[in-house]
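Have the sequence and the 3D view at hand as you read.

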Amino acid sequence: MDVRRRPPKPPLPSAARGRGGPSHRRDDERSSALSSRPLEPPKASDALPLPLYLTNAVFFTLFFSVVYYLLHRWRDKIRDSVPLHVVTLPEIAAIVSLIVSFIYLLGFFGIDFVQSFIARASHDAWEELDDDDVVNRGFGCTDIVAPLPKSVDQDPAISALSSAEDEEIVKSVVDGTIPSYSLESKLRDCRRAAFVRREALQRTTGRSLADLPLEGFDYESILGQCCEMPVGYVQIPVGVAGPLLLDGFEYYVPMATTEGCLVASTNRGCKAIYASGGARSVLLKDGMTRAPVVRFGNVKRASELKFFLEDPVNFDTLALVFNRSSRFARLQNIKCSIAGKNLYMRFSCSTGDAMGMNMVSKGVQNVLDFLQNDFPDMDVIGISGNFCSDKKPAAVNWIEGRGKSVVCEALIKEDLVKQVLKTNVAALVELNMLKNLTGSTVAGALGGFNAHASNIVSAIYIATGQDPAQNVESSHCITMMEAVNEGRDLHVSVTMPSIEVGTVGGGTQLASQSACLNMLGIKGASKEFPGANARLLATIVAGSVLAGELSLLSAIAAGQLVKSHMKYNRSSRDVTKVC
């Protein structure tokens with residue numbers, strides 16, 4: 001269901017773009033792998049003749065019944081003056097039963113007697129498992145298939161490993177007998193692996209992780225793709241700003257942050273934009289980059305490869321080789337730069353609805369293998385030579401762009417500047433020029449000609465499962481403000497050349513992040529127009545930054561910044577009492 005809705009009277013024309021359905025399927029191979037997971041190794045409770053809950057019930061009933069019977073018999077003997085040491089065969093059987101049931105209950109339901117032997121045998125079985133496959137295949141729960149004896153289906157209530165066996169495994173992790181990274185493959189239970197690793201970490205460091213949540217998270221969803229060796233998860237509150245009226249559609253923007261005022265400020269900017277008729281966006285470019293570095297024996301050979309790659313005659317052949325990596329990857333251009341006898345090749349390609357780093361890397365590897373035939377003396381130093389440039393401030397991204405390049409604008413009426421933003425047009429224009437433009441130049445900023453674009457970008461990235469580290473280049477932004485209509489109204493715009501986002505892959509598949517994408521109506525891949533959802537997300541990011549810039553600059557111009565942060569971004573709790 002598409003959650004976007006048009007306002008009653010959209011004042012601005014809608015931008016032409018495809019909207020894919022929000023439905024998102026999980027990987028079929030992953031589902032089948034999970035459903036065919038090998039059985040767990042035998043547990044201590046397997047040694048009992050009956051299921052655990054039935055065994056406990058039998059011994060409880062036997063204990064109290066025998067006690068009642070003996071007390072009743074001894075009372076009769078005292079009343080009839082019969083010596084207590086004179087016992088009948090039923091009384092002997094009752095006394096034996098009392099002793100047996102008492103020993104069972106005293107031994108914590110009798111399981112600990114069995115566990116001491118089962119745990120040692122199970123520990124020896126763990127040692128026989130091969131760890132090589134764990135390292136090579138991402139230590140997946142479903143990847144390692146160990147030869148375990150087949151057993152009948154067990155009751156789910158008793159299928160978990162016992163506490164004594166967990167204790168043995170924790171000790172083995174602490175002393176290094178069992179590698180921490182192999183727990184998922186050996187236990188075949190991702191949640192239990194996290195519990196054991198967490199306990200081992202606490203004992204090793206001597207510090208408690210009690211306040212780090214463990215329960216309530218699907219650890220299988222991150223296996224081999226999002227996070228290794230988990231011991232819990234961090235809670236970050238998610239707020240919503242909006243509605244943001246962008247290109248004729250309304251969006252409620254999820255923002256995960258721990259900074260007070262940020263969501264409220266962005267929401268105020270959205271209100272001003274909405275009341276003024278909404279914002280408009282244009283996608284200028286869409287292409288992810290990867291730049292390997294290769295070395296030759298001399299400058300001449302390096303320049304020969306440069307000329308070969310940049311020759312339009314060879315582009316179709318190189319594109320054919322590159323595009324074999326994916327049905328969505330399409331090579332757009334190759335730009336080269338030489339440093340001595342070293343050649344840096346910057347490949348740019350479209351990546352559909354994925355952010356596309358892995359996709360473009362595979363395509364680049366195909367081209368390097370192809371070039372090795374004609375340039376056998378080419379020494380590939382690295383698949384990435386930082387000419388890309390990923391997760392680092394770089395002029396090449398500011399000038400050439402990386403990912404999605406977007407420009408977004410809005411026209412704010414004079415009365416709204418005064419009523420909603422509590423300032424005036426002239427003050428905003430002057431502040432933007434002296435702060436965002438002149439001040440950033442004095443500071444030697446690279447792509448930082450804005451008030452706080454990274455605040456909004458980071459909050460949306462965390463909420464929607466993007467790579468937070470790519471906030472570095474994705475926050476490159478220049479904010480422009482100009483008085484129009486004879487100085488009465490305000491024209492504001494943001495230009496962001498390198499927004500790196502995707503709606504499939506990485507953290508976008510996790511439940512919470514997937515829900516936030518669904519809130520925007522761009523969950524998963526667009527089936528009608530591949531890449532449309534990721535491009536739409538980029539424009540929403542730019543529109544949200546526009547709202548955030550508008551509100552923060554207004555707060556500074558009106559002298560409200562310190563007051564608002566003291567009210568909303570400062571805790572009133574007594575820290576001494578909390579401690």
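## A serine and its contacts

Two residues are in contact here when they have heavy atoms within 4.5 Å. By that rule, Ser361 touches Arg290 and Ile383, leaving aside residues up to four places away in sequence. You will find Ser361 in helix α12, which covers residues 357–374. Is Ser361 buried or exposed? Its relative accessibility is 17%, and buried means under 20%, so Ser361 counts as buried.

## The chain as a whole

Please keep in mind that this is a predicted model. The mean pLDDT of the protein chain is 83, and 78% of its residues reach 70 or more. Two stretches call for caution. Over residues 9–47, pLDDT stays under 50, and the model has 81 contacts beyond four places in sequence for them. Residues 117–161 also stay under 50 in pLDDT, with 78 such contacts in the model.

The protein chain holds 21 helices and 11 strands. Of its 579 residues, 45% are buried. Taking contacts between residues at least 6 apart in sequence, 74% join residues at least 24 apart. The chain exposes about 28900 Å², and carbon and sulfur atoms supply 58% of that area.

Side chains of opposite charge can pair when their charged atoms come close. How many salt bridges does the count come to? The total is 20.

One of them joins the side chains of Asp379 and Arg295, at 3.4 Å from N to O. Asp379 lies in strand β7 (residues 379–382) and Arg295 in strand β4 (residues 293–295), so this pair ties together parts that are 84 residues apart in sequence. Asp379 counts as partly exposed, at 35% relative accessibility. Arg295 is partly exposed too, at 36%.

## Salt bridges within helices

The side chains of Arg301 and Glu304 meet in a salt bridge of 2.8 Å, N to O. Because these residues are 3 apart in helix α10 (residues 299–310), about one helical turn separates Arg301 and Glu304. Arg301 has a relative accessibility of 22% and counts as partly exposed, and Glu304 is partly exposed at 32%.

In helix α14 (residues 414–419), Lys418 and Glu414 sit 4 residues apart, about one turn of the helix. Lys418 forms a salt bridge with Glu414, and their closest N and O atoms are 3.7 Å apart. At 47% relative accessibility, Lys418 counts as partly exposed; Glu414 is partly exposed as well, with a relative accessible area of 30%. Elsewhere, salt bridges that share partners join Asp390, Arg402, Glu473 and Glu500 into one network.

## Helix α16 and the glycine after it

Helix α16 runs over residues 453–464, 12 residues in total. From its first C-alpha to its last, α16 reaches 17 Å, close to the 16 Å expected at 1.5 Å a residue.

Which residues of α16 are buried? They are Ala453, Ile456, Val457, Ala459, Ile460, Tyr461, Ala463 and Thr464. Just after α16 comes Gly465, which takes a positive phi of about 80°.

Conventions. Residues numbered from 1 in each chain as written. Heavy atoms only, no water. Helix = DSSP H or I, 4+ residues; strand = E, 2+ residues; numbered from the N terminus. Buried < 20%, exposed > 50% of the residue type's maximum accessible area, 1.4 Å probe, protein only. Salt bridge = Lys/Arg side-chain N within 4 Å of Asp/Glu carboxyl O. pLDDT = per-residue confidence, 0-100. Expected span 1.5 Å × (residues − 1). Areas by Shrake-Rupley, 256 points an atom, 1.4 Å probe, with all protein chains shown as cover.
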